[in-house]
Amino acid sequence: MQLPERQAYNSLLKKLDGDIAKIHRAIASSNPLSAWRTSGGTIIKMEADWRELENLGIRLIMNNDHDDFPPLLKEIPDAPLGIYVMGDAKALIGQNIAIVGTRKATSMGLKIAGDFSRVLAKTDFNVVSGLALGIDAAAHAGTLLGNGATVAVLPGGLDQIYPANHRGLAEKILKQNGALVSEYPPGSPSYPARFLERNRLVSGLSRATIVIEAPERSGALATARLAAEQNREVGAVPGPINSPSHKGTNALIKSGAALIAEVADIFELIGFTPGALPLKIPKRNINLNPAETAIMDAIQALSPAANIDKIIDWCKLEPPVIQRHLTFLIIKDMIKEVGGKYELN
């Protein structure tokens, strides 16, 4: 679909002064309007655009749609005029917690993100993150393992999953009542500046943002800053003082972010009482798919020299596939990474 870029498109929506929602509702109710003329004389082929969104399985929810636009997101400064949603839009208006962190996460960071997300899923919280490598992917995966819904906010159009090797993860999110979200129309590329714009939606959809591993310069720290500006709670998991991947999180705690050592700390941060539900990490899921079984066999055979290159050679699978399943196996507590090599737990 050839829609204008975000700035021009948003300017056009402002000229429509909210009537676009009525147009969309009329189209959806089989009373199509073939065009809409703005005060400036521009014709928008609303029906064609709307039908193409429907064909892609994407819904455009406008800011003035009081029933479906996420209330928390509407409160933030510079709230988007509309969001594109694929999947279950109900996941956007539930109890949401953002979990973010570095792409170059340690195995311990991945496990913490996965464990926290699994417990949050068991307590009916939805986890929001950015579908990026590392902590984001572990947060989404952990929620899925806890049979919960997770929301992935993308920096480009929903027809172009970024990163591309997380398409499988995105499909799992959709199958499990989760959602993919973007403020950019289909066809929009993931420009660098859009990652920071995306981060304000991650925090804006959430009651609190929890940072797990972040170096001194990190998009996760930007998300935490945006959360604070949005008057949302911010927490961070501490780490060793000599660890580069924890310098950012330790600095957050020093500047006033809540110290998060367990899921109970997240609940305390937002004033939530889980009642009698145990807060222990759920037992690991030992149901392995063929790729995970092959990786486990490779690690056992290659031990103690099971680095990722040797695992790839052994399994004859693509590197992104190996990396994705290694993340899941760490979250499942089946393996651990020590000094760049993988061992069975």
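Me: At what angle do helix α13 and helix α14 pack, and how far apart are their axes?

Reply: In this predicted model, helix α13 (residues 308-315) packs against helix α14 (residues 319-331) at about 115 degrees, and the two axes are 10 Å apart.

Me: What makes α13 roughly perpendicular to α14?

Reply: The angle is about 115 degrees, and angles of 65 to 115 degrees count as roughly perpendicular. α13 is therefore described as roughly perpendicular to α14. The crossing of these helices is right-handed. On the α13 side the contact consists of Ile308, Ile311, Ile312 and Cys315, and on the α14 side of Pro319, Ile322, Gln323 and Leu326.

Me: How many residues of each class does the contact of α13 with α14 have?

Reply: There are seven nonpolar residues, one polar residue and no charged residues. Cys and Pro count as nonpolar, and both Cys315 and Pro319 take part in the contact.

Me: Why is α8 called oblique to α9?

Reply: The axes of helix α8 (residues 192-204) and helix α9 (residues 219-229) cross at roughly 50 degrees and come within 8 Å. Roughly parallel requires an angle under 35 degrees and roughly perpendicular one of 65 to 115 degrees, so an angle between those ranges is oblique. The pair α8 and α9 therefore takes the name oblique. The crossing of α8 and α9 is right-handed.

Me: Which residues make the contact of α8 and α9?

Reply: α8 contributes Leu196, Asn199, Arg200, Val202 and Ser203, while α9 contributes Gly219, Ala222, Thr223, Leu226 and Ala227. By class, five of these residues are nonpolar, four are polar and one is charged.

Me: Why is the pair of Tyr162 and Phe195 called edge-to-face?

Reply: The search of the whole structure finds four aromatic pairs. For Tyr162 and Phe195, the ring centres are 5.4 Å apart and the planes stand at 70 degrees. Rings pair if their centres lie within 6.5 Å, and planes over 60 degrees apart count as edge-to-face.

Me: Which parts does the pair of Tyr162 and Phe195 tie together?

Reply: Tyr162 belongs to the loop between β7 (150-153) and α7 (167-175), whereas Phe195 belongs to helix α8; the pair therefore ties together parts that are 33 residues apart in sequence. Elsewhere, ring pairs link Phe125, Phe267 and Phe272 into a cluster.

Me: What is the peptide bond from Tyr162 to Pro163?

Reply: That bond is cis, with omega near -5 degrees. Pro163 is in the loop between β7 and α7. Most peptide bonds are trans.

Me: What makes the phi of Leu131 and of Asn177 worth noting?

Reply: Most residues other than glycine have a negative phi. Leu131 has a positive phi of about 65 degrees, and Asn177 has a positive phi of about 60 degrees. Leu131 lies in the loop between β6 (126-129) and α6 (135-145), and Asn177 lies in the loop between α7 and β8 (179-182).

Me: How do you know whether Val153 is buried or exposed, and which residues does Val153 touch?

Reply: Val153, in strand β7, has 0% relative accessibility and therefore counts as buried. Beyond residues up to four places away in sequence, Val153 touches Val128, Ser129, Gly130, Val181, Arg198, Leu201, Val202 and Leu205. Between Val153 and Leu205 there are 9.6 Å in space, C-alpha to C-alpha, and the two residues are 52 apart in sequence.

Me: How do you know whether Thr143 is buried or exposed?

Reply: Thr143, in helix α6, has 0% relative accessibility, so Thr143 counts as buried. Residues touched by Thr143 include Ser117, Arg118, Ala121, Val127 and Gln176. Thr143 and Ala121 are 5.5 Å apart, C-alpha to C-alpha, with a separation of 22 residues in sequence.

Methods:
Residues numbered from 1 in each chain as written. Predicted model: local features only at pLDDT ≥ 70, side-chain atom pairs only at ≥ 80, totals over all residues. Heavy atoms only, no water. Axes fitted to C-alpha atoms, helices over the stretch in contact; angles between N-to-C directions. Helix = DSSP H or I, 4+ residues; strand = E, 2+ residues; numbered from the N terminus. Parallel < 35°, antiparallel > 145°, perpendicular 65-115°, else oblique. Left-handed = near helix turned anticlockwise from the far one by under 90°. Contact = heavy atoms within 4.5 Å. Phe/Tyr/Trp six-rings, centres within 6.5 Å; stacked < 30°, edge-to-face > 60°. Buried < 20%, exposed > 50% of the residue type's maximum accessible area, 1.4 Å probe, protein only.
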